[in-house]
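We'll then go through it one part at a time.

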Amino acid sequence: MIVFLKKVRTKTIFSRFEPVKVEPLELEYLKGVLEDINVENHIVDELYSLKEPKVVPDIVVLTGYNVSEGKIIEEAKKYKENFPKVKIIIGGVHVQLNSNKFHKEYVDYVFTSQRLNSFKNLIESIRDGKRKAILKGIDSNIYNENLKKKEWNIGENEFVNQQEEIIPDRTTFHRILNKTRFLEKRRVALIKGSIGCNYKCSFCYCKELNGGHYIPSDYDKIAMEIESIDSDFFWIVDDVLFSNRRDALRFIDTFKKIKLKKIIGYLRSDFILENLDLLTKLKEAGLTEVIVGFETNNNEELKGYEKTTDSLDYPKVISSLKKEKIDLSALFIVNPDYRLKDFKKLGQFIKENKIEVFTISILTPIRGTKTYELLKNDLTTKDPKKFDFLHLVLPSKLPRLLFYLAFYGLHLRLITSKRIWKYILKK
Ligand code: B12
């Protein structure tokens with residue numbers, strides 16, 4: 001049996017510059033599952049020119065983010081036309097909460113669950129010719145003898161309630177290692193520790209995943225995984241690296257015991273402020289860069305986002321990170337309601353606090369979130385490709401052209417950043 005594991009990517013304005021280029025870790029997890037049960041498999045990813053071999057696949061697994069929704073469906077159709085006997089499986093974070101968009105005649109299975117053991121069970125049942133009509137966490141397109149046609153059977157909801165003992169297969173990573181980057185930082189591996197998120201920001205998609213069930217990281221497991229990978233930087237992509245002081249202390253304890261590693265991770269500003277005394281120890285334990293979702297310097301907007309942070313704390317957070325020489329990537333959101341004075345206020349904040357590296361997103365309701373439910377009737381487009389955080393998908397107060405000018409104008413400061421220049425020169 002031969003399985004293709006394919007990440008369907010869509011070029012966005014962001015990905016054209018490719019400031020961040022990393023391994024398709026979700027496919028490496030699926031590869032890990034297949035290697036364990038001795039199933040031949042091939043990762044296909046055009047970003048790294050990993051082409052599919054010239055063989056007939058028995059199963060094609062497709063994954064991709066919201067922007068690739070249309071492209072995933074097109075790919076499924078193309079594969080089914082080229083190889084009529086192939087089974088098409090679709091999964092991944094976008095699919096998990098938007099399964100009905102993929103209920104097409106040329107698709108066979110759609111994963112609403114992220115449980116890797118369910119993936120293993122499905123592959124084994126296809127391989128062994130066992131037909132299970134309805135599987136937990138999987139919608140299946142099955143032939144109905146009475147109706148004489150295929151119909152979609154919706155699988156029961158399924159959540160992951162404890163860490164699964166599955167290790168990603170990093171052969172692909174080691175092939176593409178020298179092409180990976182996080183801005184000026186080269187040779188960057190991804191690490192996933194926790195599942196879901198235990199904060200409740202209204203715009204965020206991640207907290208909705210896994211049915212809202214949060215499973216914390218096991219730092220010993222992460223450290224062991226990191227020690228087995230040949231890389232210079234390790235980006236732990238969990239929504240928050242630590243949600244409380246105890247977690248941070250456990251992290252310091254674990255990472256002090258292993259050879260120093262350079263870690264990039266997400267932290268909240270309130271956590272940093274409440275634990276300023278730990279920053280030196282965190283730096284010594286390997287924390288090299290933190291990504292902080294500040295979102296906005298306007299407390300009214302923060303309240304609307306249910307972010308539960310206070311923008312008056314932000315300057316202290318930024319200066320404390322600088323003092324410890326921990327790099328910062330600051331994340332901001334601009335609202336389509338913004339007038340020129342709001343853009344100016346944000347620009348001033350970035351300048352006054354000397355923020356060297358930042359990204360600014362245009363508030364984009366992602367299907368599956370609370371913000372989406374609130375604003376879905378106001379959307380000006382339904383084209384998935386436009387939901388890349390860099391397009392207006394809601395009506396703006398300013399004329400659109402002026403909005404975009406102000407939005408891109410805010411980014412001009414980035415050309416004064418040493419880190420950005422390092423990235424450009426290295427590229
Ligand atoms: C790193 C990252 C990236 C990297 C790419 C990472 C990669 N793996 O290739 C970069 C920086 C390039 C990127 C870009 C974008 N990203 Co991004 N990214 C992330 C981030 C931080 C981590 C993703 C990751 O690699 N996780 C590690 C893997 C292993 O975890 P996982 O995907 O959850 O997979 C697990 C399970 O879900 C399951 N699983 C996954 N796939 C499948 C498939 C099957 C069949 C099965 C059974 C199971 C399964 O198994 C895995 C192991 O547990 C997430 C936020 C987050 N904290 O998760 C956002 C996130 C995935 N990105 C998002 C978005 C929107 C984008 C962009 C479109 C926009 C943008 N400006 O960021 C672009 C466009 C990319 C493109 N051209 O297609 C959204 C996706 C929303 C959605 N509905 O699709 C997220 C959730 C952020 C958010 N809160 O909105 N991203």
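## Before we start

Keep in mind that this is a predicted model.

## Around the ligand

Which residues sit closest to the ligand? They are Glu-26, Tyr-65, Asn-66, Gly-91 and His-94, out of 38 residues that surround it. Several elements give two or more residues to this shell: helix H1 (13-17), helix H2 (25-36), strand S4 (59-63), helix H4 (93-97) and helix H5 (116-127). H2 supplies the largest share, with four residues.

By type, the shell splits into 22 nonpolar, 11 polar and five charged residues. Where does the ligand lie relative to the domains? Domain 1 (2-153) and domain 2 (180-426) both give residues to the shell, so the ligand lies between them.

Zoom in on strand S1 (residues 2-7), which runs parallel to S3 and is joined to it by five bridges. Here Lys-6 stands opposite Val-44 in S3.

## The six-stranded sheet

The other open sheet to look at has six strands in the order S11-S12-S13-S14-S15-S16, with parallel pairing. Its edges are strand S11 (188-191) and strand S16 (358-362), each with a single partner strand, so one side of each is left without a neighbour in the sheet. Here, too, the twist from one strand to the next averages 20°.

Strand S12 (residues 233-236) and strand S13 (residues 262-266) run parallel and are joined by four bridges, with Phe-233 partnered by Lys-262 in S13. S13 then pairs with S14 in the parallel sense, over four bridges, and Ile-263 stands opposite Leu-287 in S14.

Is strand S14 (residues 287-295) mostly covered or mostly open? Mostly covered: eight of its nine residues are buried. S14 also pairs with strand S15 (residues 327-334), in the parallel sense and over six bridges. In that pairing, Ile-291 stands opposite Ser-329 in S15.

Technical notes. Residues are numbered from 1 along each chain as its sequence is written. This is a predicted model: local features need pLDDT of at least 70, side-chain atom pairs count only at pLDDT 80 or more; totals for chains, interfaces and linings use all residues. A residue is near a molecule or strand if its C-beta atom, placed from the backbone, lies within 6 Å of it. Ala, Val, Leu, Ile, Met, Phe, Trp, Tyr, Cys and Pro count as nonpolar, Asp, Glu, Lys and Arg as charged, and the others, Gly among them, as polar. Domain bounds come from an automatic or database domain assignment. Two strands pair if DSSP finds at least two bridges between them. Axes are lines fitted to C-alpha atoms, for helices over the stretch in contact, and angles run from 0 to 180 degrees between N-to-C directions. A residue is buried if 20 or more other C-beta atoms lie within 10 Å of its own, exposed if 12 or fewer, and partly exposed in between; C-beta atoms are placed from the backbone.
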